[in-house]
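User: Hello! I am new to this structure and would like to learn how to read its features. Could you take me through them one at a time?

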Amino acid sequence: FLVECSCSEDFSPLVGEIIVDNLQSLRCTITGLRTGQRYYVHVSAYNMRGWGPPRKSTPEYASPSNWKDCSGREPRHRGHTEALERLLQQVRAAHQHYNCRESSKLQNAGRKQSVSRSLKHLFHSSNKFVKTLKRGLYLSVIFFYKDNLLVTNEDQIPIVEIDDSHSSSVMQDFLWFTKLSCMWDDIRWLRQNTSISVSSSTALQARQKMLSAAAQLQNLLGTHNLGRVFYEPIKDRHGNMLIVTIREVESLYSFFNGKWMQVSKLQSQRKSLSTPEEPTALDILLITIQDILSYHKRSQQRLPPGLYLGYLKLCSSVDQIKVLVLQKLPNVLCHVKIRDNSNVSKDEWEWIQTLSGSESVESMDHTSDCPTQLFLYELQMAVKALLKQINLPLHQAKHFRLYTQEVLELGHNVSFLLLLPASDDVCTAPGQNNPYTPHSGFLNLPLQMFELGIVACFT
């Protein structure tokens with residue numbers, strides 16, 4: 001088939017043409033169009049006798065549009081980027097002199113160190129890494145390259161102590177700590193400007209100790225970048241809690257106080273020393289290390305461009321809200337792809353606005369001759385596929401709603417429409433049945449960790 005496109009009804013001049021020779025998919029995408037411009041399309045077929053006469057499209061013409069054209073309101077993010085940039089400029093100006101003074105203190109790993117520093121470490125008998133956990137809060141780093149892990153000279157995963165005790169409210173401090181993975185270079189500046197006293201709040205003192213532990217690891221390993229924080233602390237029955245950061249490195253280069261060891265070898269050594277009946281948080285870390293590394297790799301993946309249908313399901317507990325995600329792709333909501341084109345047109349968005357909360361998407365008539373005919377069909381198929389993915393019967397679709405306030409545009413030409421369960425079921429309260437567990441292929445991520453994953457992958 002020959003597809004020809006023009007801004008003129010008599011197709012003179014042409015603005016583009018496409019030959020479709022793969023007849024398994026009778027669809028093509030016309031790119032480079034301008035919003036609001038009227039475009040005409042006709043198609044000619046080819047066989048052994050040559051090209052046939054062109055047939056006009058139905059409708060005869062179309063104008064590219066966007067869902068924002070019919071909202072009648074300013075985008076809610078308008079001006080936010082500029083405001084954030086102004087705030088960042090103020091922060092940079094406040095400690096620019098500090099960065100200039102400190103930038104040369106920590107050298108990149110693998111560089112030759114000064115003689116004085118080498119001698120200092122030669123005669124320093126204790127490198128301050130923790131060897132055994134003794135009921136407290138600890139910070140651990142996992143640096144990996146393929147199937148190798150960075151370990152200390154004593155064949156241990158690098159761990160330092162944050163505090164010899166921790167309170168039941170440590171989860172809020174942990175969620176605060178996760179944000180440091182976006183600003184490891186500023187740890188020293190944060191410590192300097194977070195002064196504490198005896199009268200300081202418990203939370204401020206706890207967070208100062210977290211900053212101190214992070215700075216200690218940076219000094220011991222000779223690198224600022226400690227990686228990304230694992231989405232939950234590792235706990236044991238002995239009262240230990242282990243916060244884990246993960247970083248994939250580009251090669252097996254040298255770190256201070258460290259060497260490389262295969263994961264399997266490290267696990268076998270630890271297994272011979274541990275007590276499986278009452279494993280410590282360190283034992284649990286090593287037992288689950290492959291799952292942790294797999295999660296980290298999957299959380300770095302970005303969706304291909306397109307329009308997706310996402311399922312928004314929350315789960316609350318005493319001190320946090322969690323978001324339901326797939327184990328295989330934990331940085332976005334449970335989803336299915338609607339189509340490759342991420343744009344939602346004005347006509348499509350106006351149709352979505354007409355949907356009532358009680359009207360079932362799966363029962364909509366998509367056979368009528370209308371501009372949204374194809375979109376209706378694609379959305380129906382997406383709803384069915386998504387309900388199957390989250391193990392819900394199709395008849396429950398009549399209780400679901402589409403989020404009609406906006407299309408979520410994540411960046412990199414990835415857009416989301418949101419499918420919401422009934423109002424009472426959006427968030428599962430403590431004590432309610434939750435069928436979505438890691439064993440079923442799902443995870444419940446803390447909301448803050450989910451936000452960080454979105455930011456890291458789509459901005």
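**Reading the features**

Analyst: Let us start with helix H3: its buried residues are Val 170, Met 171, Asp 173, Phe 174, Leu 175, Phe 177 and Thr 178. Residues are numbered from 1 along each chain as its sequence is written, and side-chain values use heavy atoms, leaving out hydrogens and water. This is a predicted model, where local features need pLDDT of at least 70 and side-chain atom pairs count only at pLDDT 80 or more, while totals for chains, interfaces and linings use all residues.

User: How many of the nine residues of H3 are buried, and what covers them?

Analyst: Buried means under 20% relative accessible area, exposed over 50%, and partly exposed in between (1.4 Å probe, protein chains only). Helices (H or I, at least four residues) and strands (E, at least two) are DSSP runs, numbered from the N terminus. H3 spans residues 170-178, and seven of its nine residues are buried. The cover includes strand E7 (137-145), helix H5 (202-221) and helix H11 (447-458); contact here means heavy atoms within 4.5 Å.

User: Which strands are joined to E17 by bridges?

Analyst: Two strands pair if DSSP finds at least two bridges between them. Strand E14 (residues 306-311) runs antiparallel to E17, with five bridges joining them; Leu 309 has Val 336 of E17 as its bridge partner. Strand E16 (residues 321-326) is also antiparallel to E17, through two bridges, and here Val 325 is partnered with Leu 333. E16 and E17 make a hairpin with two residues between them. As for cover, ten of the eleven residues of E17 (residues 329-339) are buried.

User: What does Glu 378 touch, and is it buried or exposed?

Analyst: Glu 378 sits in helix H10 (residues 373-389). It counts as buried because its relative accessible area is 10%. Leaving aside residues up to four places away in sequence, Glu 378 touches Arg 27, Ile 338 and Arg 339. A polar contact is a pair of N or O atoms within 3.5 Å; within protein, one must be able to donate a hydrogen and the other to accept it, and residues adjacent in sequence count only if both atoms are side-chain atoms. The side chains of Glu 378 and Arg 27 make such a contact, at 3.4 Å.
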